[in-house]
Number of protein chains: 2
Amino acid sequence: MVEMKTLTLAEIEDLSMRALVAAGTTDDNARPLAVATAATEADGVASHGLAYIPIYCEHVQCGKVDGKAKPTLERPRPGVITVDAATGFAHSAIDMGFEALIPAAREQGVAVLAINNSYNCGVLGYHTCRLAQEGLLGIGFTNAPASIAPSGGAKPVVGTNPFSIAAPGTDGQPAVLIDQSASTIAKSEVMKHAREGMPIPVGWALDAEGNPTTDPNVGLKGSMAPSGGYKGVGIALLTEIMAAAMTGATLGIHASPFSGTVGGPPRTGQFFIAIDPIVTSGDAFATNIAALAKAVHDQEGSHLPGDGRRNNRLAAQANGVAVNTATLAKIEAIIN
Amino acid sequence: MVEMKTLTLAEIEDLSMRALVAAGTTDDNARPLAVATAATEADGVASHGLAYIPIYCEHVQCGKVDGKAKPTLERPRPGVITVDAATGFAHSAIDMGFEALIPAAREQGVAVLAINNSYNCGVLGYHTCRLAQEGLLGIGFTNAPASIAPSGGAKPVVGTNPFSIAAPGTDGQPAVLIDQSASTIAKSEVMKHAREGMPIPVGWALDAEGNPTTDPNVGLKGSMAPSGGYKGVGIALLTEIMAAAMTGATLGIHASPFSGTVGGPPRTGQFFIAIDPIVTSGDAFATNIAALAKAVHDQEGSHLPGDGRRNNRLAAQANGVAVNTATLAKIEAIIN
């Protein structure tokens with residue numbers, strides 16, 4: 001039985017902030033991550049919420065991320081913002097970038113943000129969601145250390161590399177929020193099965209020769225199975241091209257692990273595209289999104305990607321979020 | 001045994017041009033489609049090459065596409081081009097759009113092209129490939145009549161909706177060209193099995209209640225299986241949002257069929273994003289793409305998406321393409 005305690009979103013943000021600062025993060029770098037942690041708990045993605053704060057703190061202390069980094073921004077063209085995250089947290093680099101990206105997208109109709117020398121950005125959909133909350137269509141990409149093999153090969157060349165798209169709704173929240181990785185299942189699930197000594201279902205991971213395996217340890221030494229076979233490889237490559245090649249960040253084949261304390265900064269990347277739907281389509285965007293959502297919701301039991309997070313988000317504002325007391329104890333230990 | 005005849009690319013373009021004009025297409029609208037047909041044959045995608053010319057001609061004659069359409073272009077913001085295809089061929093609308101999109105992407109660093117009142121654009125990757133041949137990163141989306149059901153539902157709400165990305169190489173051709181639909185298999189394969197009275201494998205299509213079926217006719221009345229389950233639905237929605245909602249085109253749930261002669265113009269849409277990689281990443285783009293390609297090609301038997309089309313394209317320039325003589329006879333009958 002996991003013991004839980006209900007916290008308000010402000011309490012979650014405050015705890016996160018204090019732990020990150022105690023670990024050696026500047027206020028400027030800690031705040032965007034603390035805000036994101038509260039929002040991630042609100043969305044119901046507990047795996048990437050407070051549970052990650054002790055890992056972030058450990059990564060500041062071991063030098064995998066520079067808690068005192070000062071990201072730098074350039075705008076080489078009217079539609080392009082670039083941010084060098086300087087091996088700091090992705091969140092402060094993205095925050096700095098969005099401050100320029102959002103007005104640029106409104107002025108130009110479209111703008112992009114390319115971030116390199118970065119780190120794990122947590123839940124990618126948190127960031128695209130913010131663009132949708134500003135009335136913009138947001139698309140995001142973030143790359144990760146290689147764990148998926150190419151078609152016809154067995155050695156990993158691309159990460160489980162997620163993409164996300166958030167389409168603005170008429171109530172200030174995304175009407176659709178897609179946030180999906182390129183693999184059949186998250187690598188963390190395979191790691192969890194390995195820790196617990198449980199077999200994994202066929203289709204989750206492959207051995208070092210590219211054959212199916214039910215042994216999580218064999219899978220971790222092989223590769224993650226791409227979702228839908230070669231089409232999942234296509235998604236991982238799409239994301240690798242956008243998040244690493246288009247930003248000049250480190251490719252998944254060269255990046256240090258996101259987990260553990262060795263290898264120094266991963267220096268991976270993020271890429272965001274923000275487009276003003278009113279400019280490209282006038283009022284048709286809202287009408288079409290509403291008709292698409294209706295066609296889905298009129299079918300009993302059917303849902304759009306993002307419906308769950310949206311419901312959680314609205315409930316959390318009013319009721320707070322139940323969090324694991326063991327996680328809270330770890331965070332309190334960092335603060336005190 | 002299928003009888004084949006080898007034609008040069010110029011001959012394929014000329015035949016396509018004459019058939020389209022004979023069917024009532026203006027020169028301005030026929031040329032981009034004839035050029036695309038030759039390029040599609042060169043790439044080895046025979047299903048969407050000359051074989052489609054008789055269908056295009058029939059669609060001009062039945063009014064599903066207006067062969068004399070005059071697309072109109074606007075540039076509401078520096079980074080946004082919109083084209084109303086006026087129910088004509090997608091290809092002439094895309095050509096008109098690209099003439100503005102390519103210089104806009106170079107000036108602004110990024111630009112987008114939103115096309116509505118359009119039609120089936122053939123092979124989506126043909127269009128993104130052209131952006132890569134100009135040194136730009138090209139992303140494309142095109143929507144289709146609904147055939148995939150949402151997660152938890154059984155009634156189609158989105159098409160098999162492909163997306164494409166083309167990453168420029170250093171030799172004037174794309175280094176990577178991804179062009180993949182959201183379904184496990186093309187709907188045309190299920191239709192072919194139905195015509196031939198052959199069962200389909202489990203996993204290709206679902207019946208009207210959302211259950212697996214091996215009967216192609218039952219599948220055609222139900223829905224196409226999304227690639228990788230809910231993640232394929234996510235890709236179909238991504239494309240629907242971009243190609244229909246962002247352009248003000250007709251949603252897949254309202255679009256007339258692409259095949260057959262009934263229902264009038266489908267008025268579907270295309271959306272393209274063009275980004276200058278030198279602006280977002282400097283020289284790092286070419287270095288990273290080369291390292292990624294090397295990591296794939298160093299593994300025996302492994303390939304990148306687009307390798308096959310690329311090899312076909314280079315061979316076809318020198319040797320021409322073998323085409324089905326039965327298709328040629330149909331095209332000659334339209335011309336004479």
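Copies of a chain are compared here by least-squares superposition on the C-alpha atoms of residues with pLDDT of at least 70 in both. In this predicted model, local features need pLDDT of at least 70 and side-chain atom pairs count only at pLDDT 80 or more, while totals for chains, interfaces and linings use all residues. Residues are numbered from 1 along each chain as its sequence is written, chains are lettered from A and ligands numbered from 1 in the order in which they are written, and side-chain values use heavy atoms, with hydrogens and water left out.

**The two copies**

Two copies of a chain are related by a rotation about an axis and a shift along it. Here chain B is superposed on chain A by a rotation of 180 degrees with 0.0 Å of shift along the axis, at an RMSD of 0.0 Å. The two copies are thus related as by a two-fold rotation axis. Among the residues of chain B, Gly228(B) comes closest to that axis, its C-alpha lying at 2.0 Å.

Where contact means heavy atoms within 4.5 Å, chain B contributes 75 residues and chain A contributes 75 residues. Because 100% of the interface residues of chain B are also interface residues in chain A, the copies meet through the same surface. Buried area is the accessible area (1.4 Å probe) that two parts lose on being put together, summed over both, and between chain B and chain A this comes to about 5,500 Å², with carbon and sulfur atoms giving 71%.

What gives the largest share of the side of chain B that touches chain A? That share, 11 residues, comes from helix α8 (residues 230-245) of chain B, helices (H or I, at least four residues) and strands (E, at least two) being DSSP runs numbered from the N terminus. By class, this side of chain B has 44 nonpolar, 24 polar and 7 charged residues; Ala, Val, Leu, Ile, Met, Phe, Trp, Tyr, Cys and Pro count as nonpolar, Asp, Glu, Lys and Arg as charged, and the others, Gly among them, as polar.

**The two domains of chain A**

An automatic or database domain assignment supplies the domain bounds, and chain A is divided into domain 1 (1-62 + 307-336) and domain 2 (73-183 + 226-305). The centres of these two domains of chain A, taken over C-alpha atoms, are separated by 22 Å.

| Domain 1 with domain 2, chain A | Value |
|---|---|
| Residues in contact | 22 residues of domain 1, 26 residues of domain 2 |
| Buried area | about 1,900 Å², 56% on carbon and sulfur atoms |
| Salt bridges | 2 salt bridges |
| Polar contacts | 9 residue pairs, both at pLDDT 80 or more |

A polar contact is a pair of N or O atoms within 3.5 Å; within protein, one must be able to donate a hydrogen and the other to accept it, and residues adjacent in sequence count only if both atoms are side-chain atoms. A salt bridge is a side-chain nitrogen of Lys or Arg within 4 Å of a carboxyl oxygen of Asp or Glu, and Asp171(A) forms one with Arg310(A), their closest N and O atoms being 2.3 Å apart. On the side of domain 1 of chain A that touches domain 2 of chain A, the elements giving two or more residues are α2 (27-42), α3 (53-62) and α11 (307-319) of chain A, with the largest share, 8 residues, coming from α2(A).

**Backbone angles**

Most residues other than glycine have a negative phi. Asn117(A), in strand β4 (residues 110-118) of chain A, has a positive phi near 55 degrees.
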